[in-house]
Amino acid sequence: MDEKRAENNIRSYKKSVGGITLLCDVIPMGKDCTICIRDVKGAHIGSAVMATARPSLTGEGRSATSSVLNRMGHKDEEIARRIAESVAAKLDCTVVCTCGIHIDGISPEQIQQVLDACGELEQMILE
């Protein structure tokens, strides 16, 4: 695949809440994908999660098993794991999701807004 075609397959999403702008890129890799979630001001890698689809342990539907790498002192796992597992289960594939969101002095209200916004990004990816 040439560079131009590969570039055109990347899907990008943006969500702004409470003065925070989140970016999300979804990069197809064959049947699988890589997802990168970050804020525009403090982007970094705080957590990386790889999720692989599998039959649900309840015997109904699909689920995912994940492995997590966290950077010391970072809390990005909650977002990366949720998105990696839900996308892997829904698309029946393997997903690597990296997440790095850093906002100095973030309030509890802003944390909830970021979590809610990431839930909206997740829905955009799944559509």
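Contact means heavy atoms within 4.5 Å. This is a predicted model, where local features need pLDDT of at least 70, side-chain atom pairs count only at pLDDT 80 or more, and totals for chains, interfaces and linings use all residues. Residues are numbered from 1 along each chain as its sequence is written, and side-chain values use heavy atoms, with hydrogens and water left out.

**Exercise 1. Describe the surroundings of aspartate 39.**

Step 1: Find the residue. Aspartate 39 belongs to strand E3, residues 32–39 (helices, H or I, of at least four residues and strands, E, of at least two are DSSP runs numbered from the N terminus).

Step 2: List its contacts. Leaving out residues up to four places away in sequence, aspartate 39 touches Ile20, Thr21, Leu22, Gly100, Ile101 and His102.

Step 3: Look for a charged partner. Aspartate 39 is buried but has no salt bridge, and the nearest side chain of opposite charge, lysine 41, is 7.6 Å away. Here buried means under 20% relative accessible area, exposed over 50%, and partly exposed in between, with a 1.4 Å probe and protein chains only. A salt bridge is a side-chain nitrogen of Lys or Arg within 4 Å of a carboxyl oxygen of Asp or Glu. For charge, Lys and Arg count as positive and Asp and Glu as negative, while His and the chain ends are not counted.

Step 4: Check the backbone. A polar atom of the aspartate 39 side chain lies 2.8 Å from the backbone nitrogen of histidine 102.

**Exercise 2. Which parts of the chain does the salt bridge between aspartate 25 and arginine 38 tie together?**

Step 1: Check the distance. The closest N and O atoms of aspartate 25 and arginine 38 are 2.9 Å apart.

Step 2: Aspartate 25 sits in strand E2 (residues 20–29) and arginine 38 in strand E3, so the pair ties together parts 13 residues apart in sequence.

Step 3: Judge the accessibility. Aspartate 25 counts as buried because its relative accessibility is 17%.

**Exercise 3. Compare that with the salt bridge between arginine 62 and aspartate 92.**

Step 1: The closest N and O atoms of arginine 62 and aspartate 92 are 2.6 Å apart.

Step 2: Arginine 62 lies in strand E5 (residues 62–70) and aspartate 92 in the loop between H2 and strand E6 (94–100), so this pair ties together parts 30 residues apart in sequence.

Step 3: Arginine 62 is partly exposed, at 40% relative accessible area, and aspartate 92 is partly exposed, at 31%.

Terms used: A polar contact is a pair of N or O atoms within 3.5 Å; within protein, one must be able to donate a hydrogen and the other to accept it, and residues adjacent in sequence count only if both atoms are side-chain atoms.
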